[in-house]
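This report describes selected helices, strands and contacts of the structure shown below.

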Amino acid sequence: MQDNTPSPQMNDSNKIDQYRRRFLGGTAAAVTAATVLPGLILHTVEARHADEAVTSDRRWGLLIDTTKCADGCNDCVTACNTEHGLREIHGPATDAQWIRTVKLKNKSTGHQLNMPMMCQHCEHPPCVDVCPTGASFKRADGIVLVDKHICIGCRYCMMACPYKARSFIHETLTDQLPVAPRGKGTVESCTLCVHKVDAGDHNTACAVACKHGAIVFGDLKDPNDKISVMLREKGGHQLRAELALNTGVRYQGL
Amino acid sequence: MKKLHYTSIHGYSKPSLALLGLLLFFVLLGFISFLQMEHEGHYITGMNNQIIWGLPHVFAIFLIVAASGALNVASIASVFNQKMYKPLAKLSAVLALALLAGGLLVLLLDLGRPDRLIIAITHYNFKSVFAWNIILYTGFFGIVGIYLWTMLDWQVEKYTKIAGTAAFIWRLILTTGTGSIFGFLVARQAYDAAIMAPMFVIMSFSFGLAVYLVILLTTYRMTDRELGDIVVNRLKNLLGVFVAAVMYFSLVYHVTNLYATEHHGIERYILVDGGIYTQMYWIGQMLLGSIVPLILIYAPKFANNRNAIMAASLLVILGGLASLYVILIGGQSFPMTLVPGYEASSSFFDGVVASYTPSKWEFMLGMGGVAIAILIVFASMKLFRLLPVSLSDEVAQTLKS
């Protein structure tokens with residue numbers, strides 16, 4: 001009968017081999033981890049920001065207090081134009097206007113007020129419904145945008161928008177800003193300063209520029225956000241509310 | 001029964017060469033206009049951020065609607081078994097395809113990015129009425145193409161009825177879709193009405209038959225072929241019914257709107273003080289496009305008068321363009337109400353009637369589409385045996401019996 005029991009000597013050398021293997025393996029793993037992981041982790045951290053899906057946990061919106069909106073003031077419009085590189089080209093009929101100030105006069109009382117008008121970032125946007133290619137779309141956080149790469153320039157969204165919020169680019173553009181890529185033959189509108197929102201700067205150029213505090217940007221889903229508190233206290237009116245589009249832009253003082 | 005003898009049109013007469021030259025000239029103008037608009041951008045046109053769709057769309061929608069209606073004659077022959085219409089069915093299908101091609105071309109070349117046609121074909125938002133229409137138009141080419149094939153090739157002739165029925169159903173859906181482009185627009189007071197869909201269907205019957213009559217009468221006159229009163233009178237009486245039906249739908253649309261106070265503004269604008277649009281409605285659509293043609297069609301004084309029928313058909317076409325101009329541009333020019341009870345004003349033309357002056361580029365593009373459509377019919381007549389040599393009363397009698 002063969003004795004299979006290992007000799008004490010063999011046992012020792014096996015143990016040493018095991019230790020050695022474990023040591024080498026551990027070293028290799030450590031070296032790999034030390035060289036590869038930081039890259040992986042760092043890349044993951046970098047990529048997470050750009051790749052992170054927008055969620056519906058937030059809904060960005062604006063609250064406009066028409067009682068604070070001053071007559072003759074155009075600061076929000078100027079700020080928007082500067083922020084996105086919009087310029088006067090062929091006159092008001094064809095130039096893009098992402099935001100405009102509207103003067104309202106009550107037909108019976110004569111009461112006058114002013115308010116800024118822009119894309120109302122509807123929950124149920126008619127522009128998105130009618131777009132044949134899906135270029136008009138709504139992000140999960142409520143921002144309505146145009147994908148300039150698949151917009152064919154049919155302008156059906158402009159026909160469908162109840163707020164006249166969209167502009168068609170009627171000419172070749174030069175000197176565009178990196179934050180607001182635009183293109184001849186496509187449609188565009190207020191982006192709710194999506195580039196700022198995505199960069200973590202939760203505000204819009206118009207809201208920042210309004211020295212009267214008439215424009216407040218915020219998260220409509222966060223009950224503690226200023227916009228939600230103000231809406232809770234004084235309410236907010238939706239333009240053309242009868243269309244039941246649940247706009248992301250609300251007005252006070254109408 | 002006398003056998004019908006179909007031939008293509010041989011040779012070129014001087015008038016036909018002149019027509020060909022004219023058509024090519026307009027196609028060239030259309031092409032130049034497309035290049036110009038594409039290169040410069042739409043600021044060179046009369047269209048802007050207020051009048052979003054302009055004259056090219058009036059032409060395009062007229063051609064598309066008329067395309068569907070041009071198929072009337074073929075449908076009556078194949079679906080409703082009216083034998084007298086059978087010799088006219090091939091031209092009917094060719095004209096339908098040609099008009100649709102012309103209309104779609106105008107629509108396509110007016111896009112801000114016509115180079116992205118492939119995107120329009122590959123990216124679909126199925127909630128969009130426009131996307132439905134892209135499918136409807138493509139399908140129309142396919143179905144009417146097959147239908148035409150069954151009429152031209154005796155080996156597949158037995159499928160004519162089934163193909164004709166499919167085409168008939170498809171064109172009704174197609175015009176419903178075209179009308180719904182406006183009917184589904186909740187934003188604007190002039191649109192957002194379910195009646196738009198059936199109104200466009202009946203408009204297609206009228207405009208399409210008018211175009212068909214113009215082409216038929218012109219062809220028989222230019223080629224010295226015999227065309228009897230029996231066939232022509234049937235067609236013109238049918239046109240009369242359709243013209244009256246369009247008037248009825250227009251009346252119902254406006255009366256319904258007039259009942260609702262919220263629409264009083266737009267109705268007053270279109271019917272009373274809308275300037276050019278009011279004139280186009282009453283003088284263009286109603287008087288010249290409807291009442292005068294009805295007199296020319298039904299007054300005993302004009303019985304068997306080809307010139308009167310030709311004039312009536314041309315006036316129906318003119319009235320059709322006028323009615324689409326009023327719907328499209330008149331409808332867009334009326335300001336939207338932002339806040340009820342308030343007058344609005346802004347740098348973006350809120351609260352004011354938007355002005356629109358069509359540019360030569362838009363007219364050239366639209367006419368280019370019309371010319372392409374006629375050119376396709378012209379070429380088809382040269383290539384295929386579309387029309388019988390004679391459609392005299394004697395032939396018609398034998399067909400009837």
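Helix α1 (residues 14–40) of chain B has 27 residues, which at 1.5 Å a residue should span 39 Å, and its end C-alpha atoms are 39 Å apart, so the two values agree; the expected span is 1.5 Å times one less than the number of residues. Helices (H or I, at least four residues) and strands (E, at least two) are DSSP runs, numbered from the N terminus. The model is a predicted one, in which local features need pLDDT of at least 70 and side-chain atom pairs count only at pLDDT 80 or more, whereas totals for chains, interfaces and linings use all residues. Residues are numbered from 1 along each chain as its sequence is written, while chains are lettered from A and ligands numbered from 1 in the order in which they are written.

Within α1(B), the residues B:L23, B:F26, B:V27, B:G30, B:S33, B:F34 and B:M37 are buried, a residue being buried if 20 or more other C-beta atoms, placed from the backbone, lie within 10 Å of its own. The buried residues of α1(B) pack against α4 (89–110) and α13 (360–383) of chain B, and the helix is followed by B:G41, whose phi is positive, near 105°. The largest nonpolar core has 192 residues, of which B:L63, B:A93, B:L95 and B:L99 touch the most other members; such a core is a set of buried Ala, Val, Leu, Ile, Met, Phe, Trp, Tyr and Cys residues joined through C-beta atoms within 7 Å. Leaving aside residues up to four places away in sequence, B:L63 touches B:L99, B:G102, B:G103, B:V106, B:G369, B:V370 and B:A373, where contact means that C-beta atoms, placed from the backbone, lie within 7 Å.

**A three-stranded sheet in chain A**

In chain A, three strands form an open sheet in the order β8-β1-β9 with mixed pairing, and two strands pair if DSSP finds at least two bridges between them. Because β8 (215–219) and β9 (249–252) of chain A stand at the edges with a single partner strand each, one side of each is left without a neighbour in the sheet. The twist averages 20° from one strand to the next, with axes taken as lines fitted to C-alpha atoms, for helices over the stretch in contact, and angles running from 0 to 180 degrees between N-to-C directions. Helix α7 (residues 226–234) of chain A packs on this sheet, touching β1, β8 and β9 of chain A, and its direction makes about 110° with that of β8(A).

Six of the six residues of β1(A) are buried; A:W60, A:L62 and A:I64 point one way, and A:G61, A:L63 and A:D65 the other way. The table lists strand pairings, including one between chains.

| Strand pair | Bridges | Sense |
|---|---|---|
| β1(A) and β9(A) | four bridges | parallel |
| β1(A) and β8(A) | five bridges | antiparallel |
| β2(A) and β3(B) | five bridges | antiparallel |

A:L63 stands opposite A:V216 in β8(A) and has A:R250 as its bridge partner in β9(A), where A:Y251 is the bridge partner of A:I64.

**Where the chains meet**

Between the chains, 44 residues of chain A are in contact with 38 residues of chain B. The largest share of the side of chain A that touches chain B, seven residues, comes from β2(A), and in β3(B) the bridge partner of A:L104 is B:A344.

Definitions and conventions: Two residues are in contact if their C-beta atoms, placed from the backbone, lie within 7 Å. A residue is buried if 20 or more other C-beta atoms lie within 10 Å of its own, exposed if 12 or fewer, and partly exposed in between; C-beta atoms are placed from the backbone.
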